[in-house]
There are 2 protein chains.
Amino acid sequence: MVNIAIMGHGFIGSGVVEVLTKNHDHIAAKAKEEINIKYILDIRDFDDLPYSDKFIKDFSVIENDDSIKIVVEVMGGTEPAYSFVKACLLKGKSVVTSNKELVAAKGAELLQIAEENNVNFLFEGSVGGGIPILRPIAQCLAANDILEIVGILNGTTNFILTKMTDDGMEFEEALELAQHLGYAERDPSADVDGHDACRKICILASIAFGKHVYPNQVKTEGIRKITLEDFAYAVGAGYTVKLLGRTKLLDSGKVIATVGPCFVDHTSPLANVNDVFNSVLVRGDAIGDVSFYGRGAGKLPTASAVVADVIDCVKHLSARKYLFWAEGSDDYVQSADGEAVKMYVRLTSENKLMGQIIAEKFQGAQMLSRENQPDNEFAFITPKLKKYIIEDTLADMKDITIIGKMHILE
Amino acid sequence: MVNIAIMGHGFIGSGVVEVLTKNHDHIAAKAKEEINIKYILDIRDFDDLPYSDKFIKDFSVIENDDSIKIVVEVMGGTEPAYSFVKACLLKGKSVVTSNKELVAAKGAELLQIAEENNVNFLFEGSVGGGIPILRPIAQCLAANDILEIVGILNGTTNFILTKMTDDGMEFEEALELAQHLGYAERDPSADVDGHDACRKICILASIAFGKHVYPNQVKTEGIRKITLEDFAYAVGAGYTVKLLGRTKLLDSGKVIATVGPCFVDHTSPLANVNDVFNSVLVRGDAIGDVSFYGRGAGKLPTASAVVADVIDCVKHLSARKYLFWAEGSDDYVQSADGEAVKMYVRLTSENKLMGQIIAEKFQGAQMLSRENQPDNEFAFITPKLKKYIIEDTLADMKDITIIGKMHILE
């Protein structure tokens, strides 16, 4: 029997208890050991639960109980999660977490401490909910040099974008529906401003390329500015709009990493990922493109990923999983401005010759149209150019107001 | 440094050498050990290769060299692969294979021998080429009870079906193109008659449900009988046609497992898997549906899966991976005839009232139509009924010749 402790009894924490209880026998068979929840740490009281006797409020009880070999951290946020996780690793306990904020900020440091103490630090549930992504990248694709990762990493924003394109809802209306259904928080900023997707692309980039990418190194844009008019232009030209996290290894050994809304061709596997589903596409030098798809959030999917990590820890109590990346550095993440891209641009201008001017400035640009397009509105897709050239050219143009701008995924 | 031997230097075997050579440093970093190919076993001569000094023709050299800790079997077929693999495991060597025929026939026995000798027997490359599928099912979804698996498991037939629906090619023409492009063998039977998909669904069912499903227990149908007329009916009703492997856990603890062409709704993620791509959809009780997608065959993708297993063996030279399933039994796999399904049926009859008769016999049937449909041809989708009831009802109908019949995937 292996004793574990769970820190946090919120949405995911209660799901972890549920999965461990419901699939108890099956899990014991897989782990070849019975898994016993000895403590649950939470500042709140849960007197009515059948397992209310397990609750404690004092972290030091877990820290100082040598019979606890594995600790599950599902509190969220960086503090006190970071201090608690670090203390557990230093005490020789393996830690499993689904806390993407913690891993994106402190992953390299905590992996290092885990290695020094010969224990495991696992976090499959931090990206893509229950979809297996991190372990396949680290293990199954180990023989590949990974070149690029692109993904729909946030279910809430994907739900909102799906409602905008399928049901013609405005952003605010779709957001309210997402909140009503429990997909979005009352303060939706972490989702709609791209911070959640940013943390996940940091974790994916770090694991794929071996060096920590920090959230403040990732240019991050959310979906608040996207309108139904942008969708009309996209759909008319054979695209849809998705919020994508992207990271790519450059020939220099450095990487780029960005989060932002993109035009996605309707034949791309990513275009058909709808509602709260997530999908991550990984490009390796030997394997080519592989993708992983499923429900990217939710109590039981995420809890099942956490429990799978716990099982893996039980099976590796005396052996380390070689999951590791190094600390990052200031100049490791490069600006995406040097990347050659096509861009969607939407602008207004009172200059009646603007169509001609665009055609001159961006030779080969594809002009777009939509129903009820005002005379003073112009939308187009640029030819493939380095991004800073596109930006400079737009900055040089007179009498225009840019009201929409997105990458085209290629 | 870890010495390995490779048995077989064909399509996949030469790819394994290529991946190990090309990504040598990167792989050594992942494995934390240098991997040295000491022998390559092949009955043929390869005098012109830069590594021609490694070739041997006598298996006993590998068997009796205690410095060889890991053996890669990429010969294909059951003999002599089975005897060689068994001998290696008995000698305490871990074995990695991509040989689906071997694993589908002898997996349980070889896993048992591996366990008794405290070594690993890994075969990620046997299903889905380089797409990570088996390890995610065994490890990442370990906290789930897996309920069902459905997949497009054979790239050759998927290529043929894609050419039939997209380019209107007849089966024979599409098969010739597949042979011309190297996707199909000169004797295409293993692919087009469903045997390859059958072996893969056996492996998936065995790993997901813990007990061996043998190829002769799987009702297997290929794609030779599918015509452009079937596609016309399918597309007209919002479907496409795919060759699917399916396995499902019944409440009784027994399973069903089948391979055959199915109507797939055009909104299903499986409907948009085209050309030589594969996709496997796994349904778990906690995770819901997750799917894995990528190039399901090919030299480098499959070789990269084999090499990832080698890396995993190197990291676990002294620890067992708990991959295991038990021997199967005669009554473990149940007939799918008791399953409630909708079916597509196409028949000819000179009875002008046949439309009426069908509507009476299958109340709620959906009649289908196509361009240039002859007067004596009738096609429909039955209501959801137990399969044997559909079969019995059809058998009772007079003056009909059935010319097409497929499941509808739900």
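# Questions about a predicted two-chain model

Reader: Why is A:E101 called partly exposed?
Author: A:E101 has 19 other C-beta atoms within 10 Å. Buried needs 20 or more, and exposed needs 12 or fewer. The count of 19 falls in between, so A:E101 is partly exposed. Keep in mind that this is a predicted model.

Reader: Where is A:E101 found?
Author: A:E101 is found in helix α5 of chain A, residues 100-116.

Reader: What makes A:R199 a contact of A:E101?
Author: Two residues are in contact if their C-beta atoms lie within 7 Å. A:R199 is one of the residues that A:E101 touches, along with A:G76, A:G77 and A:T78. That list leaves out residues up to four places away in sequence.

Reader: How far is A:E101 from A:G260?
Author: In sequence they are 159 residues apart. In space, their C-alpha atoms are 18 Å apart.

Reader: How do you know how the two copies are related?
Author: Superposing chain B on chain A takes a rotation of 180 degrees, with 0.0 Å of shift along the axis. The RMSD is 0.0 Å. The two copies are therefore related as by a two-fold rotation axis. In chain B, the C-alpha nearest that axis belongs to B:F292, at 2.4 Å.

Reader: What makes you say that the copies meet through the same surface?
Author: Of the interface residues of chain B, 100% are also interface residues in chain A, so the surface is the same.

Reader: Which parts of chain B touch chain A?
Author: The contact joins 44 residues of chain B to 44 residues of chain A. On the chain B side, α2 (24-31), α6 (134-140), β12 (288-295) and α12 (299-315) each supply at least two residues. α12(B) gives the most, with ten. By class, the chain B side has 24 nonpolar, eleven polar and nine charged residues.

Reader: Why are β12 of chain A and β12(B) called paired?
Author: Pairing needs at least two bridges. Five bridges join these strands, so they pair. They run antiparallel. A:G294, for one, has B:V290 as its bridge partner.

Reader: What makes β7 of chain B mostly covered?
Author: Five of the seven residues in β7(B), 146-152, are buried.

Reader: Which strands pair with β7(B)?
Author: β11(B), residues 277-284, pairs with β7(B) over six bridges in the antiparallel sense. There, B:I149 has B:V282 as its bridge partner. β9(B), residues 239-249, is joined to β7(B) by four bridges, also antiparallel. B:E148 stands opposite B:K248 in β9(B).

Reader: Which residues have the most contacts inside the largest nonpolar core?
Author: They are A:V16, A:V307, A:V310, B:V16, B:V307 and B:V310. The core has 263 residues. Take A:V307: leaving out residues up to four places away in sequence, A:V307 touches A:V16, A:V19, A:L20, A:I27 and B:A143.

Reader: What are the domains of chain A?
Author: The assignment gives domain 1 (2-129 + 300-315), domain 2 (140-290) and domain 3 (336-408). The C-alpha centres of domains 2 and 3 of chain A lie 23 Å apart. Their contact takes 14 residues from each of these two domains.

Reader: Which element gives the most to the domain 2 side of that contact?
Author: β10(A) does, with six residues. The elements giving two or more residues are α11 (228-236) and β10 (255-265) of chain A. The residues on this side divide into eight nonpolar, three polar and three charged.

Methods. Residues are numbered from 1 along each chain as its sequence is written. Chains are lettered from A and ligands numbered from 1 in the order in which they are written. This is a predicted model: local features need pLDDT of at least 70, side-chain atom pairs count only at pLDDT 80 or more; totals for chains, interfaces and linings use all residues. Copies are superposed by least squares on the C-alpha atoms of residues with pLDDT of at least 70 in both. Domain bounds come from an automatic or database domain assignment. Ala, Val, Leu, Ile, Met, Phe, Trp, Tyr, Cys and Pro count as nonpolar, Asp, Glu, Lys and Arg as charged, and the others, Gly among them, as polar. A nonpolar core is a set of buried Ala, Val, Leu, Ile, Met, Phe, Trp, Tyr and Cys residues joined through C-beta atoms within 7 Å.
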